[in-house]
Amino acid sequence: MARKTEIPSSYYGEPQKFDPTFRGPIHNRSCTDVLCCVIFIIVILGYIALGTVAWIHGDPRKVVYPTDSHGQFCGQQGTPNANKAILFYFNILQCANPAVLINLQCPTTQLCVPKCPDRFATYLDMQYNYRYNKSHWEYYRQFCKPGFDNPRKSVAQVLRDEDCPSMIVPSRPFLQRCFPDFITRNGTLTVANKTDFKDGLGKTRSVTDLRDAANGITALLDAKEVGIKIFEDYASSWYWILIGLVITMVVSLLFILLLRFTAGVLLWVVIFGVIAAVGYGIWHCYWEFSLLQGKPDADVTISDIGFQTDFRVYLQLSQTWLIFMISLAVIEAIVILMLIFLRRRVRIAIALLKEGSKAIGYIMTALFYPIITFFLLAVCIAYWAVTAVFLASSGDAVYKVMSTQPKCQYANLTCDPETFNKTNVTKVCPGAQCTFAFYGGESVYHRYIFILQLCNLLIFLWLVNFTIALGQCTLAGAFASYYWALKKPGDIPACPLFASFGRAIRYHTGSLAFGALILSIVQFFRIILEYLDHKLKGAQNAFARFLLCCLKCCFWCLEHFIKFMNRNAYIMIAIYGKNFCTSAKDAFFLLMRNVVRVAVLDKVTDFLLFLGKLLISGSVGVLAFFFFTRKIPVIQEEVPSLNYYWVPLLTVIFGSYLVAHGFFNVYAMCVDTLFLCFCEDLERNDGSPSKPYFMSPGLHKILRRADQAGKQYSGS
């Protein structure tokens, strides 16, 4: 048998020496990482300046309202286009794709109209029918330029000057723009029940030409319809969604309060409750699968029917229930195997959670701190979103020469509409016009809009991570005050949460900003890699895709490692008041010197807390399912009429998990803080009268169990 190599303790740093005056979080502190604090404050002031400049130059109406060829907003009150909220394209066949349409760069005249055309017509047909019925012109003229009233003008001159469209097709508004009204009938694409039409020159064209010119619009129109139905569902069910989230909050709070007195029993109930719930799910899926076996159309595969907005369609397929059953069986097997192999560690972790519940019992205000974090995060998200919209809408109207002649040398060059008629462009290129193209500019500010958007994203990530770091450091300081109180609860300082928050803001803003900046940079690069991956999905270069996949994996691992180190560094900052690098180093070496205890206690408690969140959100989700599917007879009449019952259901499940996560995150921070303090206590003291332990007798008992489990683990 090979000899085990002894690694000296100095390899993982020197343990802390006994300090008889140490009584928990140090109150006589000094500011740490001052340079980073100054930079952080300057960046915040710069971010405010960036938002102000974006607000001055930006105009959200450019995003909300479409713009005609003269740079005027459609539907804007107080303008001639107040009652003309829809943009109409003279010749949609000249538009290559929907991105060109939406970006207002389609090389055809664009006009604001009150409504979209509802019939096929050409200017040639209108002139012919005008002789017999003048109503044809009255209808057609609303899609011509304002002020044009000469239906007898020759077709060639009208098309040259683009006074009127050469043709109109039945359309419907989407994103306030007129797009052909595509309808698929029996697998055939039609527009107004027609498969062909006449263009402005009298040539018969297929409606597929319209589809090619507006490729992807059909899918977008369907997406809009789904979006409207989802909005209607939220409008009619928001009250019940809110009730579901309130129920989750009350259950989570009661769960944590019960842990204070019945931690052992309650956590075992959670464990077996999850196993029983998943087991029932497996049985129910098997029962549904058996009922559908042999039924006609039930053996159709999911890939055959494709994506359906009505999820009830999938529930009629036997394959759906088979997939559910296999997935739940795998989850059940994983949970049971983990409990079998970690049964001793689970008992130890439950004892540690019971100790954590005592700390929360003495500092109940900590449970409500996530409300402050949610509020600060909401402010950061709102400011980032508003700034991004104003930056995106910054710029002046840019006009370009648009010519119907393909060989015009001035085509696509910028022009000034006020002086355009005085130039020789119209002489060289007859019929050329100076029309609005897009919003932009040639100033330094406009040239660096994209860079400013990236800065907006990076600072947003920095502020979000700083907010999370502030919450972690505040909670860590409060729970450390509980641990390092020699006589509990008598020695616990008054208002520990408020005092910890004050210390974090006053002394350690720089350190928290430093750790948040490191994490934000990694997240920023991850976002860039995701963007590149999205752009290269159709690339044929296998090596590039492989390299990108490896980089994404590495940055994912790096991000999670930094999150773990930052969390423990903030705990050390809350206790000792040192700078970020020193605290991160001390936390790392402390964890390495207690790596077996980390495996035994820390991660198993995370697993138990995850099961608690899963049980609460799952239970509320099941209740919401029975409610929204009208399976509770008592309140059946109260259920709102819904297009898709899965919209409020998924919202309740996801929201419940977030609410439970907010409460349980306080518990997790408490356990992590007690664990680090526990390790520090072991290295500083030995339990003698001269070096007494600060830990409670119950926590000391946990230590002996953990050490025994660790020795058995290392011996095996």
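**Figure 1. The crossing of helices α15 and α21 in the predicted model.** In this predicted model, α15 passes α21 in a right-handed crossing. The two helices, of which α21 comprises residues 646–684, pack at an angle of about 50°, and their axes lie 9 Å apart. Because of this angle, α15 is oblique to α21. On the side of α15, the contact is made by Q472, L475, A476, F479, A480, Y482 and Y483. The partners in α21 are V666, M669, C670, T673, L674, C677, F678 and D681. Sorted by class, the contact of α15 with α21 contains 12 nonpolar, 2 polar and 1 charged residues.

**Figure 2. The crossing of helices α15 and α16.** Two packed helices are described by the angle between their axes and the distance between the axes. For α15 and α16, the angle is about 130° and the axes are 8 Å apart. The two helices are therefore oblique to each other, and the crossing of α15 with α16 is right-handed. In α15, the residues that meet α16 are L470, C473, T474, L475, G477, A478 and S481. They face P496, L497, S500, F501, R503, A504 and I505 in α16. By class, this contact between α15 and α16 has 9 nonpolar, 4 polar and 1 charged residues.

**Figure 3. C495, in the loop between α15 and α16.** C495 belongs to the loop that lies between α15 and α16, the latter spanning residues 496–507. Most residues other than glycine have a negative phi. C495, although not a glycine, has a positive phi of about 50°. Its relative accessible area is 54%, so C495 is exposed.

Figure 4. The largest nonpolar core has 101 residues. Those with the most contacts inside this core are L475, F479, Y483, L512, L608 and Y667. Helix α15, residues 449–483, gives the most to the core, contributing 19 residues. Another core, of 21 residues, lies apart from the largest one and includes V113, M126, C164 and C178. In a close-up of Y667, this residue touches I256, L259, L353, G356, S357, I360 and L609, with residues up to four places away in sequence not counted. For the chain as a whole, 43% of the 716 residues count as buried.

**Figure 5. The packing of helices α18 and α19.** The axes of α18 (residues 542–576) and α19 (residues 580–593) come within 8 Å and cross at roughly 105°. This angle makes α18 roughly perpendicular to α19. From α18, the contact involves F564, M565, N566, N568, A569, Y570, M572 and I573. From α19, F580, S583, A584, D586, A587, F588, L590 and L591 take part. The contact of α18 with α19 comprises 12 nonpolar, 3 polar and 1 charged residues.

**Figure 6. Q523, a buried residue in helix α17.** Q523 is placed in α17, which covers residues 509–535. Since its relative accessibility is 13%, Q523 counts as buried. Beyond its neighbours within four places in sequence, Q523 is in contact with L461, N465, E559 and K563.

**Figure 7. N81, a buried residue in a loop.** N81 is located in the loop between α2 (61–64) and β1 (86–89). With a relative accessible area of 7%, N81 is buried. When neighbours within four places in sequence are left aside, the contacts of N81 are D68, Q72, F73, C74, G75, Q76 and C112.

**Figure 8. D33 and T208.** D33 is found in the segment before α1 (34–57). The phi of D33 is near 50°, a positive value in a residue other than glycine. T208 lies in helix α7, residues 207–213. At 28% relative accessibility, T208 counts as partly exposed. T208 and D196 are 12 residues apart along the chain, and their C-alpha atoms are separated by 8.3 Å.

**Figure 9. The chain as a whole, for orientation among the close-up views.** The chain contains 22 helices and 13 strands. Among its contacts with a separation of 6 or more, 72% are between residues 24 or more positions apart.

Note on methods
Residues are numbered from 1 along each chain as its sequence is written. This is a predicted model: local features need pLDDT of at least 70, side-chain atom pairs count only at pLDDT 80 or more; totals for chains, interfaces and linings use all residues. Side-chain values use heavy atoms; hydrogens and water are left out. Helices (H or I, at least four residues) and strands (E, at least two) are DSSP runs, numbered from the N terminus. Buried means under 20% relative accessible area, exposed over 50%, partly exposed in between (1.4 Å probe, protein chains only). Contact means heavy atoms within 4.5 Å. A nonpolar core is a set of buried Ala, Val, Leu, Ile, Met, Phe, Trp, Tyr and Cys residues joined through side-chain atoms within 4.5 Å. Axes are lines fitted to C-alpha atoms, for helices over the stretch in contact, and angles run from 0 to 180 degrees between N-to-C directions. Angles under 35 degrees count as roughly parallel, over 145 as roughly antiparallel, 65 to 115 as roughly perpendicular and the rest as oblique. A crossing is left-handed if the near helix is turned anticlockwise from the far one by less than a right angle, and right-handed if clockwise. Ala, Val, Leu, Ile, Met, Phe, Trp, Tyr, Cys and Pro count as nonpolar, Asp, Glu, Lys and Arg as charged, and the others, Gly among them, as polar.
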